[in-house]
Amino acid sequence: MDYILGIETSCDDTGIAICKIENDKIFLVDEVLSSQIDIHKEYGGVVPEVASRLHLKNLPILFNEILNRNNLKPNDFSAIGVTEGPGLKGSLLMGVNFAKGLSFSLNKPLIGVHHIKAHIMASMLDNEELNFPFLAIVVSGGHTEIVKVNSLNDMVVLTRTIDDAAGEAFDKSANLIGFEYPGGAALSKLADSIDKDSENFINFDLPKVMREAEGFSFSGLKTAISLLVKKFEDKLKDDYVKASLCYAIQDSIVDAILYKTKKILKTSDFKNIVLAGGVAANKCLRKRLGELRNVKLYCPNFTHCQDNGAMVSYLAAKMFLEKKFIELNAEVYPRWDI
Ligand code: KG4
Ligand code: ZN
């Protein structure tokens, strides 16, 4: 039996988790997470310097907590997995340095995990029956891409955003109508609260997001929303008007993701699709992708959509089985293609 540690610090969440390998099968043992969102909220976005300092402070605290909770000692781990990129450089350095320290002092191998691959593999962690190949729809705060996933070592990006990511589109729209950062989840909650058949419902006509162009593009949506916000400034004080606009924004972003997914599915024979990244928590997106015919949708548990240590320790465990280790002079990769 092997215990594999996973450390995630690519942005503003400090996550640590432990997976156990028994007869080549991987089980999640425990996970801890410290979100910094309440601090970054004050600044309207993630402040890299603050994020790094908080990782530095939180990593040893969380590590101690997870060891104590599970009655484990550092020496019980067979390998140390850590997110090497992509992400904020300073944040990544905190996790990687912490992992290097453990790897060096314990004389255990170090495993460098790709953050987006970890998001993709979160669905396999939470759905035991899911197998390769599948089509992954990656929608997070920093990434929006559709990926052909043949195996752990063979992932091909088929299409990606040319400007904002889907999560960013949610957050920027939310900000324009007065939600606190990050706002995506709050916007979606208000959108879901509305009854479309009610006589109070207002049909805001937002543009279909760049349907024909290659890749996703969400920047036009932002412009359309800011014009609407100016035009309806007073009316938006009414909760129902605001909820109607949230509904239109969510519909427009979800529609763009669905349109591109359907287009790819038309010319391929995938049986399974996988949703990954923070926006995978969006209920409307899950519902509409789940309704697609001839494909089965797999999603991570809600707690494994946002950044977390569990997906890192799971992918690290998979890589441990393939003996994919990195050296102590390893670097971080703030930009790193799949
Ligand atoms: O994967 P993630 O935690 O961080 C990155 O790696 O980017 O994704 C965070 C993003 C944020 O933009 C957040 O607003 C968005 O996911 N998000 C949502 C929902 N929950 C989180 N967007 C829409 N609907 C949600 N329910
Ligand atoms: Zn992420």
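Predicted model: local features only at pLDDT ≥ 70, side-chain atom pairs only at ≥ 80, totals over all residues.
Residues are numbered from 1 along each chain as its sequence is written, ligands are numbered from 1 in the order in which they are written, and side-chain values use heavy atoms, with hydrogens and water left out.

| Residue | Protein atom | Distance to an oxygen atom of ligand 1 |
|---|---|---|
| Gly 142 | polar backbone atom | 3.2 Å |
| Asp 307 | backbone N or O | 3.1 Å |

On its own, ligand 1 has 550 Å² of accessible area, and the protein covers 84% of that (Shrake-Rupley method, 1.4 Å probe). Helices H4 (115-126), H5 (166-176) and H6 (184-192) are the elements that give two or more residues to its shell; helices here are DSSP runs of H or I with at least four residues, and strands are E runs of at least two.

Now for the shell itself. Around ligand 1 there are 20 residues, with Gly 141, Asp 171, Gly 278, Asn 282 and Asp 307 the closest; a residue counts if one of its heavy atoms lies within 4 Å. By class, twelve are polar, six nonpolar and two charged, with Gly counted as polar. Ligand 1 lies between domain 1 (2-128 + 303-321) and domain 2 (134-269), because both give residues to this shell.

Let's finish with the backbone. The peptide bond from Gly 85 to Pro 86 is cis, with omega near -10 degrees, and Pro 86 lies in the loop between strand S4 (77-85) and helix H3 (89-106). Another cis bond runs from Phe 132 to Pro 133, with omega near -5 degrees; Pro 133 is in the loop between H4 and strand S6 (134-139).

Notes
Polar contact = N/O pair within 3.5 Å; in protein donor to acceptor, adjacent residues only side chain to side chain. Domains from an automatic or database assignment.
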